[in-house]
Amino acid sequence: MVTPEEDQTVELKKIKKRPFVATFILVLGLFVLCLAIGASIALGAADIDLQTVWQALVHFNPELTQHQIIQELRMPRALGAALIGAFLAVSGAIMQGMTRNPLASPSIMGVTDGAAFAIAIAFAFFPHTSSLQLMLWSFAGAGLGASLVFGVGSMSRGGLTPVKLALAGTAVGAFLSAISSTIAIRFDVAQDISFWFAGGLAGTRWVSIQMIVPVAIIGLTLAFILARSVTVLSLGDEVAKGLGQRTRLIKILGTIVVLLLTGAAVSVAGSVGFVGLVIPHITRFLVGVDYRWIIPCSAILGGLLLVLADIGARMVNPPFETPVGAITALVGVPFFLYLARREGRGL
């Protein structure tokens, strides 16, 4: 008699995957990411050559202004961009795998807008909130946003199609964003929270990195552990149940991972959209549909995209900075419209 575990192994072997390409992406992508982080540290309002960057890393001299800029401003900013890009990309990959919705991502499903809404409340009513408390507010808001989207979407006739869920996410996101703006104006905190609405990494410091590293360890580790189960779940709930998967438990754990990673990302960088939409699709195209490869590759490519977007945000109109959310939207909006047009046939 064939056991569910043996059935699951057989099904996983049938799944389209390209381990050689995935390994190549992991190795080359990590190398390119390191180069991009180096470029991010070197480029800015005051350009610094790579030799000075290296000296600041191995022989830090606090008396040199350039060394202080590198150590205190640019290094945490570059590392923060890599981590937050990885958070958003992995969150999007898990959401798309669990819901089988190609339009799912933290920015479209109301998660980031919910987190920004909670941060607005924290600034308005609890002005002395610490960075750690702000992250907790962000987690709670992310959960609120996701709950509202799925609640509104489930009321529609004919069930939750991908486009209906995306429309619910857009509507709920706009609603939460409008309330956040009202709170900001009413309580005179618009200047304080404008950074979180626009999305950016200019305020990233070492304290921010120290705060999100534990989330990275917990969230990404749990994502890697769940990867095999998400692959089976992406085949459909009925198939997953038939293969012995505890689908409800996997969805709960996956949702926790998404809320952890997205909440941490928003608490540091604000509402950076479309990374979680674009990167998982590119990754699936390159490595196949096995989430044991999609999740780690998405983490590398997501980090690379946000580091490059942050460099672009500084170079578009120097010495002023363009919100990094605007740079990612230039890539993400056309991609979203293409996906919505393709999936719209199922409305």
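Biologist: Why does S40 count as buried?

Modeller: This is a predicted model, in which local features need pLDDT of at least 70, side-chain atom pairs count only at pLDDT 80 or more, and totals for chains, interfaces and linings use all residues. Residues are numbered from 1 along each chain as its sequence is written, and side-chain values use heavy atoms, with hydrogens and water left out. Buried means under 20% relative accessible area, exposed over 50%, with a 1.4 Å probe and protein chains only. S40 has 1% relative accessibility, so S40 is buried.

Biologist: What does S40 touch?

Modeller: Leaving aside residues up to four places away in sequence, S40 touches R74, A78, V307, D310, I311 and R314. Contact means heavy atoms within 4.5 Å.

Biologist: What makes the buried residues of α3 line one face of the helix?

Modeller: The buried residues of α3 (residues 50–58) are T52, V53 and A56. Seen down the axis of α3, they fall within an arc of 105 degrees, so they line one face. The arc is taken from the directions from the helix axis to the C-beta atoms. Helices are DSSP runs of H or I, at least four residues, numbered from the N terminus. On the other side of α3, L50, Q51 and W54 are exposed.

Biologist: Against which helices do the buried residues of α3 pack?

Modeller: They pack against α2 and α4 (65–99).

Biologist: What caps the N-terminal end of α3?

Modeller: D49 does, with a side-chain oxygen 3.1 Å from the backbone nitrogen of Q51.

Terms used. Helices (H or I, at least four residues) and strands (E, at least two) are DSSP runs, numbered from the N terminus. A polar contact is a pair of N or O atoms within 3.5 Å; within protein, one must be able to donate a hydrogen and the other to accept it, and residues adjacent in sequence count only if both atoms are side-chain atoms.
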